[in-house]
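Trainee: I would like to go through this model with you, starting from the whole and ending with a close look at a single part.

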Amino acid sequence: MADLNLIKRFSADSGFLGRYQSLAREVVIPYQEKALRDEIEGAEKSRCIENFRMAAEKLRTGTCDGEFYGMVFQDSDVAKWLEAAAYSLAIHPDPALEQRCDAVISLISSAQHPDGYLNTYFTVKSPERRWTNLCEAHELYCAGHLIEAAVAYAECTGKTEFLAVMCRMADHIYERFITNGTPGYPGHPEIELALMRLYRCTNEEKYKELALHFINVRGVDTEYYIREREICGWTVWGNNPHDREYMQCHRPVREQDTATGHAVRAAYLYTGMADAAYTTNDKTLRDACKRLWKNITQKQMYITGGIGSAYEGEAFTKNYHLPNDTAYSETCASIALIFFARQLLRLEKNGEYGDVMERALYNCVLASMQLDGTKFLYVNPLEILPGISGVAKTHPHTLPQRPKWFACACCPPNAARLLTSIAEYAWMIEERTVYSNLFVSGTLDLCDLFGGTITLQTGYPYENTLRYCFDADMELTLAVRTPDWSIQTELLLNGKPVEYEIRNGFAYIHTAFAKNDVLSVTLDFSVKRIYANANVSADSGKTAIQRGPLVYCAEGADNDGSVLDLRIRQSGQITAQPYSPDLLHGIVPLTAAGERMMNTDALYTYTAPEWIPCEITLIPYYAWGNRDLHQMRVWIPETK
């Protein structure tokens, strides 16, 4: 999803997200490479690289010395890692990393069939079954991620071997579905957005045509997957082809208004739709995207920016069904939501999209990774109950601690590619307007466009001041997102009031900036109590706490080992404590007036419990689970 122009233009410094970019470069990318090569002791095996080696050997000799290992979409893990590495190379050249990437790309190239087909599962395991199970086999999904990686690598390094490989695969797909008119559409959307990227990179109209084809035919023939199953007679997951809503094919995409089914698939599809709507100026597609966005964010999104509440099928369920202790809230789904938001920002400059992008990033996505970058979450629950979470039959997915890797490892490299390409989400440039969407400390190079640079100095998300420093005379409009949680936002130019226009969640400053000008934006960082809609049964009588973009939680490590017996006082103060650089890699803890219930051994009693005053300590949600095994809760019962 990255815009190389912005990635190369922006250099993050040592601020909050700059630290995450450095962590990605120094720890996460090397760690994930070892995981893909099965070199991490005690971690789930990946065999991704080995699968490509076996596929290449089989193409060369007709046989191979092993069996395919892993998920049917295992190839996509390598793709996302390569994409993350490409962005990292664009920011910080690393000849050794580039050489290792080149070797992996050469291996991928050698696993490609003469007709352009590329997929290790079918090459190694089931060559006779290729293209027979679009519903479940993820061939188009894997192709999409490999296309994204190839585009990124070409644009970041200038090397086009990988791009040529994936153009041949895209040509193969075009021939099958366009030239030959073979029916069908992806069971797992992703290739739609990837083909739009390939179109912009190569200017080949047929790639846009293919993307639009997959978007346009989806849901027109609602019986396709049913017939396909009857014909092919084999299954990967045992998915029900009659469950059209699960696969977002219950009606044509332009007629859909409720997010349904597998949350990652849905958000990838909507991202491709929004990109296509922007590129083709398709109003009906744009309107469908906006309806789906409204449904997700107003009726099916967690306060952390997580989406997809059900373990069964990793899926959306029903409006307002947002359980906390069984929340699925897959990392990939939040990342896909960020992609969707970014594309909608291209369609329409509305700060609402940036607000959700920020919420999902700072809370759900960052929570998915251990602070040291070596362990990861697939699922991001809003409540952890040791002894139940990850143990009970109803909670097998809500792990109370992050593992080193997963058998299904789609999320860790997805987070890596997002963090290394954060510039494209932070900034947007259109004509003579520069949009500041996310507040990342660092320097944006606009020398070729406006004759200078803008440096954003900020301690965000723990400090509330943004300082935009100009190093040259620059005639442009700076549009700064004004977050929905900032009730009072102050803008000053060189310490004096400046004229600006508020429109759809952005403050537009139309002026000729001079060298050494400093635009200061002060955001309202007062602590907010959040209350859920009455239809969200899991949050009835509870409140969540937010300061700036960060959602907070109570963890047992700070609260005498237990948080389930706590309630927060509605009339009590919630105080931001001084920044603690040594606590959880640096946080601002909150303390709140509350009460603790005096518990008994009895399951039920006829006597009302006794409550004693206490102080509740809260930490940012993204930092939970970094101090051994503890209870955790985001939504806390409230009392007067």
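Trainee: How many helices and strands are there in the protein? After that, please look closely at Arg633 in strand β21, and tell me which residues Arg633 is in contact with.

Mentor: This is a predicted model, in which local features need a pLDDT of at least 70 and side-chain atom pairs count only at pLDDT 80 or more, while totals for chains, interfaces and linings use all residues. Residues are numbered from 1 along each chain as its sequence is written, and side-chain values use heavy atoms, with hydrogens and water left out.

There are 18 helices and 22 strands in the protein, where helices (H or I, at least four residues) and strands (E, at least two) are DSSP runs numbered from the N terminus. The radius of gyration, taken over C-alpha atoms, is 25 Å, close to the 26 Å that the globule rule (2.2 Å times the number of residues to the power 0.38) gives for 640 residues, so the protein is as compact as a globular protein of that length. The C-alpha trace spans about 70 × 70 × 50 Å along its principal axes. Of the 640 residues, 60% count as buried, a word that stands for under 20% relative accessible area, against over 50% for exposed and partly exposed in between, with a 1.4 Å probe and protein chains only. Taking a contact as heavy atoms within 4.5 Å, residues 24 or more positions apart account for 71% of the contacts with a separation of 6 or more.

Turning to the part you asked about, Arg633 is found in strand β21, which comprises residues 632–633, and with a relative accessibility of 10% Arg633 counts as buried. Leaving aside its neighbours within four places in sequence, Arg633 is in contact with Leu382, Glu383, Cys553, Ala554, Val563 and Leu564. With one of these, Glu383, the side chain of Arg633 makes a side-chain polar contact of 2.8 Å, a polar contact being a pair of N or O atoms within 3.5 Å, of which, within protein, one must be able to donate a hydrogen and the other to accept it, and residues adjacent in sequence count only if both atoms are side-chain atoms.

Asp524 lies in the loop between β13 (518–522) and β14 (528–530) and is buried, with a relative accessible area of 16%. Its side chain is joined to that of Ser526 by a polar contact of 2.8 Å, and, apart from neighbours within four places in sequence, Asp524 is in contact with Trp485, Ser486, Ile487 and Gln488.

The backbone deserves a check as well. Most residues other than glycine have a negative phi, and most peptide bonds are trans. His138, in the loop between α6 (120–125) and α7 (139–157), has a positive phi of about 65° although it is not a glycine, and His138 is buried at a relative accessible area of 5%. Ser329, placed in the loop between α13 (283–299) and α14 (331–347), also has a positive phi, near 45°, and counts as buried at 0% relative accessibility. Finally, the peptide bond from Tyr460 to Pro461 is cis, with omega near 10°, and Pro461 is found in the loop between β6 (452–458) and β7 (465–470).
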